[in-house]
Amino acid sequence: MPIPKLVIASANPDKVAEIAIVLEGLAVLIPRPEGMPDVIEDGDDLEDNARLKAVAVCEFAGKPSVADDTGLEIDALNGAPGVYSARFAGVDATYQQNVEKVLTDLDGVQMGQRTARFKTVAIVRYPDGRELIANGTVEGHIAQNPSGEEGFGYDPIFVPVEGDGSTFAQMGEEKHRLSHRGRAFRQLGYMLAEN
Ligand code: IMP
């Protein structure tokens, strides 16, 4: 069976690079068309936002598309930043500003209370309206200080439970074995192979 070609909704090079590694041999990713307007991500949850992006790109390109949405849930912040993970410190916040806001908001919160998880929802959408959907979660905690240079976003402060105490930003490709995105897109890859 030929490898499926999917137009990828994300224009974030950090995310696209990770997805390409996880889907290697399972799907070929095509950049989204030039001139495609940004999709307003105003859904209530990760699945809504992933679907908004997948449907918009599928309709614009007229081809099967793939989109994902990720959120970081921190228990001591009642699940924030969640769907607001990209703009936690403001609309145009940098990764570093978002990390600093998390650390400031958790100031004084002890290690045992810093539990958190990343969740990803990944959706493949076909022009006839069919859909494949996969979820990935990784449990962990928020470190007291940033460590590591790899990855992106909140990686310097996220320590997965199943690792050796390193942050995602200290791990390199080991991140994909454990991560929310690795789990969601591996599952999606198996679904594509069976579809
Ligand atoms: P998005 O909606 O999937 O683009 O993700 C929202 C935000 O969550 C991003 O802007 C990053 O700040 C953060 N994020 C997403 N995925 C990861 C990850 O794998 N590691 C760390 N931060 C991430």
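Reader: Which residues of H5 are buried?
Author: This is a predicted model. Buried means under 20% relative accessible area. In H5, that holds for His 180, Arg 181, Gly 182, Ala 184, Phe 185, Leu 188, Gly 189 and Leu 192.

Reader: What covers the buried residues of H5?
Author: Both strands and helices take part. The helices include H1 and H4 (174–178). The strands include E1 (5–8), E3 (65–74), E5 (115–125) and E6 (131–142).

Reader: What does H5 reach from its first C-alpha to its last?
Author: H5 has 15 residues. At 1.5 Å a residue, 21 Å is expected. The model comes close to that, with 22 Å.

Reader: Is H1 parallel, perpendicular or oblique to H5?
Author: The axes of H1 (residues 13–22) and H5 (residues 180–194) come within 9 Å. They cross at roughly 50 degrees. Under 35 degrees would count as roughly parallel, and 65 to 115 as roughly perpendicular. The angle therefore makes H1 oblique to H5.

Reader: Which residues make the contact of H1 with H5, and how many are charged?
Author: H1 brings Lys 15, Glu 18, Ile 19 and Val 22. H5 brings Arg 181, Gly 182, Phe 185 and Arg 186. These divide into 3 nonpolar and 1 polar, and the charged ones number 4.

Reader: Is Asn 98 buried or exposed?
Author: Asn 98 sits in helix H3 (residues 95–105). Leaving out residues up to four places away in sequence, Asn 98 touches Ser 85, Ala 86, Arg 87, Phe 88, Ala 89, Ala 93 and Tyr 154. Its relative accessibility is 4%, so Asn 98 counts as buried.

Note on methods. Residues are numbered from 1 along each chain as its sequence is written. This is a predicted model: local features need pLDDT of at least 70, side-chain atom pairs count only at pLDDT 80 or more; totals for chains, interfaces and linings use all residues. Side-chain values use heavy atoms; hydrogens and water are left out. Axes are lines fitted to C-alpha atoms, for helices over the stretch in contact, and angles run from 0 to 180 degrees between N-to-C directions. Helices (H or I, at least four residues) and strands (E, at least two) are DSSP runs, numbered from the N terminus. Angles under 35 degrees count as roughly parallel, over 145 as roughly antiparallel, 65 to 115 as roughly perpendicular and the rest as oblique. Contact means heavy atoms within 4.5 Å. Ala, Val, Leu, Ile, Met, Phe, Trp, Tyr, Cys and Pro count as nonpolar, Asp, Glu, Lys and Arg as charged, and the others, Gly among them, as polar. The expected span of a helix is 1.5 Å times one less than its number of residues. Buried means under 20% relative accessible area, exposed over 50%, partly exposed in between (1.4 Å probe, protein chains only).
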